[in-house]
Amino acid sequence: MVVVSNGVDYPISDIAKAMLSSYYKIGFTNPDFQALSLKPEILDRYTGMYTSKQLDIKFTVSRRNNTLLGQADADPPFILTPYDTHKFKFDGVGLLIEFKPEENKLIATQTEDAIEFEKVKK
């Protein structure tokens, strides 16, 4: 089995598991690639720069058309895919983000570690 990838927005290990599960006839659940579609005015509520007291990084959220982008410090931006009200994910690194627009905050969870960010500017 060979898996070759270029710019996949889905963990390669999950693709390999699905292939092996299929080959060995082991049950597995297909991922749901159906993203919610949110209006630009809703996405605009989430955009801005966020900082955390837990980590010394800046997290910037921007919008390009109907897509929300996340970017930590000088890293390249990545697509945040909506999966529930105020909730987005980036499967490439197992990142979940829950926005709390009423509080100007977001909670980023990765490998069960939750980090709270506060919006510092729009």
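Where is the place of Asn104? In this predicted model, Asn104 sits in the loop between strand 6 and strand 7. Its backbone deserves a look: phi of Asn104 is near 55°, a positive value in a residue other than glycine.

You will find His86 in the loop between strand 4 (78-84) and strand 5 (87-90).

**Salt bridges**

As a general point, side chains of opposite charge can pair when their charged atoms come close. How many salt bridges does the count come to? The count comes to 5 salt bridges, and the table sets out some of them, including the pair Arg63 and Asp44.

| Salt bridge | N to O distance |
|---|---|
| Arg63 and Asp44 | 2.6 Å |
| Glu102 and Arg45 | 3.7 Å |
| Glu98 and Lys100 | 3.8 Å |

Let us start with Arg63 and Asp44, whose closest N and O atoms are 2.6 Å apart. This pair links distant parts of the chain: Arg63 belongs to strand 2 (residues 58-64) and Asp44 to helix 2, 19 residues apart. Arg63 is partly exposed, with a relative accessible area of 33%. Asp44 is partly exposed as well, at 28% relative accessibility.

Next come Glu102 and Arg45, whose side chains meet in a salt bridge at 3.7 Å, N to O. Why does this pair tie together parts that are 57 residues apart in sequence? Glu102 lies in the loop between strand 6 and strand 7, while Arg45 lies in the loop between helix 2 and strand 1 (48-51), so the bridge ties together parts that are 57 residues apart in sequence. Glu102 is exposed, with a relative accessible area of 60%, whereas Arg45 counts as partly exposed at 41%.

The table also lists Glu98 and Lys100, with their closest N and O atoms 3.8 Å apart. Glu98 counts as partly exposed at 28% relative accessibility, and Lys100 is partly exposed with a relative accessible area of 26%.

**The largest pocket**

Rolling a probe the size of a water molecule over the atoms shows where empty space is left. Here, the largest pocket holds about 270 Å³ of space. Its lining is made up of 17 residues, and the closest to the pocket centre are Ile57, Phe59, Ala72, Leu95 and Gln110. Strand 6 (95-100), strand 7 (105-110) and strand 8 (113-121) are the elements that give two or more residues to this lining. Which of the elements gives the most to the lining? That is strand 7, with 4 residues. By residue class, the lining of the largest pocket divides into 13 nonpolar, 2 polar and 2 charged residues.

**A nonpolar patch on the surface**

Finally, turn to the surface of the model. Met1, Val3, Ile12, Met19, Leu20, Tyr23, Tyr24 and Ile26 form a nonpolar patch there. Together, these residues have about 810 Å² of accessible area. One of them, Ile26, has its place in the loop between helix 1 (12-23) and helix 2 (40-44).

How values were computed:
Residues numbered from 1 in each chain as written. Predicted model: local features only at pLDDT ≥ 70, side-chain atom pairs only at ≥ 80, totals over all residues. Heavy atoms only, no water. Patch = residues over 30% accessible without salt bridge, like charges linked within 9 Å, V, L, I, M, F, W, Y side chains within 5 Å. Areas by Shrake-Rupley, 256 points an atom, 1.4 Å probe, with all protein chains shown as cover. Salt bridge = Lys/Arg side-chain N within 4 Å of Asp/Glu carboxyl O. 1 Å grid on protein atoms, 1.4 Å probe; cavity = no way out; pocket = protein on both sides within 12 Å on 5 of 7 lines; lining within 4 Å. Points joined across faces, edges and corners; volume = space filled by probe spheres on them. Nonpolar A, V, L, I, M, F, W, Y, C, P; charged D, E, K, R; others polar. Buried < 20%, exposed > 50% of the residue type's maximum accessible area, 1.4 Å probe, protein only.
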